[in-house]
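Visitor: I have a structure open and would like to go through it with someone. Can we start with the rings?
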Amino acid sequence: MRPRLFLSGPIGCGKSTLIKNALGPLAARAGGFVTLRLEEGGRTSGFEIRPAAALTDIEKHKGRRFLSFESGETSRDDAAFSDYAASLLTSAVESRFAVIDETGGFELLLPEFCEALKGFLNTGTPCLGVLKAQDAAVELAQRINLGEDYLKEARRLRFFLENDSDSQILETTGRGDLEAERALKEWVRLYAGG
């Protein structure tokens, strides 16, 4: 079992839920960040970044919105990643382990975030994460007009993680994926003290 385990799979299949369930109360000790889907009136209104410890108590940990969907328009706050998420990654090395849920989106176009991610990956700090699937990256690029530069960076990150001796990408179907549940349980035992 490698110290960095990233789940990848279809949008909304339950990758984050698998991580949350595997960590349980140990998530309170995690560095890093999680992304949360925001709902208003039964529809997705945007996404927000919160510290990884929010997995144990969403209301206790405030976050920063990075995508908003209003009146058919999409707006993004790059600083949510270049400042806020980057600082959460930088301080994650002080924790026993980290959660990076998720990466592989438009933040890969932000040099400050990429530098923080690269720095984190060079520390050897164990982490659980969600990596945006390739088809989801293509969909995102089309939805918010990110272009080929973004897709190139998404492929570059995936290639790095696939070829890094400390990282593993586990393709999952999400909730009910017994192989993923076993892998996460083993990772928590080895690296999170569970």
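Visitor: How many aromatic pairs does the count come to?

Guide: The count comes to 10 aromatic pairs. Rings of Phe, Tyr and Trp (its six-membered ring) pair if their centres lie within 6.5 Å; planes under 30 degrees apart are stacked, over 60 edge-to-face, and the rest tilted. Before going on: this is a predicted model, where local features need pLDDT of at least 70 and side-chain atom pairs count only at pLDDT 80 or more, while totals for chains, interfaces and linings use all residues. Residues are numbered from 1 along each chain as its sequence is written, and side-chain values use heavy atoms, with hydrogens and water left out.

Visitor: OK. What kind of pair do Phe33 and Phe81 form?

Guide: Phe33 and Phe81 are edge-to-face, with 6.3 Å centre to centre and 80° between the planes. Phe33 is in strand β2 (residues 31-40) and Phe81 in helix α2 (residues 79-92), so the pair ties together parts 48 residues apart in sequence. Helices (H or I, at least four residues) and strands (E, at least two) are DSSP runs, numbered from the N terminus.

Visitor: Are Phe33 and Phe81 buried or exposed?

Guide: Phe33 and Phe81 are both buried. Buried means under 20% relative accessible area, exposed over 50%, and partly exposed in between (1.4 Å probe, protein chains only).

Visitor: And what about Phe47 and Phe69?

Guide: Phe47 and Phe69 also form an edge-to-face pair, at 6.1 Å centre to centre and 85° between the planes. Phe47 belongs to strand β3 (residues 43-51) and Phe69 to strand β4 (residues 64-70), 22 residues apart. Both Phe47 and Phe69 are buried.

Visitor: Which residues form one aromatic cluster?

Guide: The cluster consists of Phe33, Phe47, Phe66, Phe69, Phe81, Phe106 and Phe113.

Visitor: What sits over the ring of Phe69?

Guide: That is the charged end of Arg143, 4.2 Å from the ring centre. A charge sits over a ring if NZ of Lys or CZ of Arg is within 6 Å of the ring centre and within 35 degrees of the ring normal.

Visitor: Now helices. At what angle do α2 and α3 pack?

Guide: α2 and helix α3 (residues 111-121) pack at about 10°, their axes 8 Å apart. Axes are lines fitted to C-alpha atoms, for helices over the stretch in contact, and angles run from 0 to 180 degrees between N-to-C directions. α2 and α3 are therefore roughly parallel to each other; angles under 35 degrees count as roughly parallel, over 145 as roughly antiparallel, 65 to 115 as roughly perpendicular and the rest as oblique.

Visitor: Which residues make the contact?

Guide: Contact means heavy atoms within 4.5 Å. Among them are Phe81, Ala85 and Leu89 of α2, and Phe113, Ala116 and Phe120 of α3.

Visitor: Last one, the backbone. Where is the cis peptide bond?

Guide: The cis bond joins Asp101 and Glu102, with omega about 5°. Glu102 lies in strand β6 (residues 98-103). Another backbone detail is at Asn145, which has a positive phi of about 55° although it is not a glycine. Asn145 is in the loop between α4 (134-143) and α5 (147-163), and at 69% relative accessibility Asn145 counts as exposed.
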